[in-house]
Amino acid sequence: MKTANTLMLLGLFAVSPLSLAASGIAFIHGTGHQTDALNDYWTGEFVNSVRQGLPNSANYTVINCDFDQYMWDEAAAGCLASQLGSFIDSKNIDDLVLLTHSNGGNVVRWILSNPTWDARYPKVINATSRVIALAPSSAGTPLADAVTEGNVFETTLGWLLGYGSDAVKQQQVSWMSYYNANWLKGTAGRPALGKPFEVVVGSDVDSAIWDSDSYCGGYQNQVALETTQNWLDDCSDGFLECSSQSAAGTVWFKDKQKTWGSEPLSHQQSRRACFGLDVFIRNRI
């Protein structure tokens, strides 16, 4: 009898597979063919800081896909869905935060907007609880038009965009307008994405050589972004105008509203541990 009672008590405390579900975060890079995004795109400093906000800081993944392709391409959205699916299965994730930067937000929006396009998409959509989109190129950028047209921006922007990839073509303003109107959800007048799409907007670039804040993310990158900013609206991060960044989802905050010292976040700095950005995200998740 004593043995039977003990077994019954153990049964009461048994953990079902469903109760083992967990929270996790995926770091999703922007334009480019990444093979080591942890070091080449985000840096360990940023990733390791952000993931501390999870109940289990080991439940994270850094995506490495070919985002030089159109967002729907197998090498882009297909790769992303496969890597996220494997992460979800391996960690039993049911509360997934997708942290995107730049064009990575478009690839994620493609998946959320087109659940029947690929059999791998529903698993990702069902597990996702929110998207935190850092400087997303939701409405494209005039600089993509300039690169595609082959003018002087090619030499200035090669480090950021590459030359004439499909992803660059995709981020032309008129092309993104078409995709937003016909294929992507989350912009004005379109259905909602079904998941929160929270945006961090970068509004300016500082590159004063005497200002130590200009060195976060690499001083040379700040100089390049301040140069390209001359062809954008006054409110821009050197690559994207604020209106593009805020075109889809809802704005969580515009850089200076939260950053330490009310510093702006350039397009490079919005994927770095600059001015408390990593801490804000850590606390958010």
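Mentor: Let's start with burial: 53% of the 285 residues in this protein are buried. It's a predicted model, where local features need pLDDT of at least 70 and side-chain atom pairs count only at pLDDT 80 or more, while totals for chains, interfaces and linings use all residues. Residues are numbered from 1 along each chain as its sequence is written, and side-chain values use heavy atoms, leaving out hydrogens and water.

Trainee: Why is D118 called buried?

Mentor: Buried means under 20% relative accessible area, exposed over 50%, and partly exposed in between (1.4 Å probe, protein chains only). D118 has 18% relative accessibility, so D118 counts as buried.

Trainee: And why does C235 count as partly exposed?

Mentor: C235 comes to 25% relative accessibility, so it falls in the range between under 20% and over 50%. C242, at 8%, counts as buried.

Trainee: How do you know that C235 and C242 form a disulfide?

Mentor: A disulfide is a pair of cysteine sulfur atoms within 2.5 Å. The sulfur atoms of C235 and C242 are 1.9 Å apart, so the pair qualifies.

Trainee: What makes that disulfide left-handed?

Mentor: The torsion about the S-S bond of C235 and C242 is about -80°, so the disulfide is left-handed.

Trainee: What makes C65 and C79 a disulfide?

Mentor: Their S to S distance is 2.0 Å, so they meet the 2.5 Å limit. C65 sits in the loop between β2 (60-62) and α4 (74-91), with C79 in helix α4, 14 residues apart.

Trainee: How many disulfides does a search of the whole structure find?

Mentor: Three.

Key:
Helices (H or I, at least four residues) and strands (E, at least two) are DSSP runs, numbered from the N terminus.
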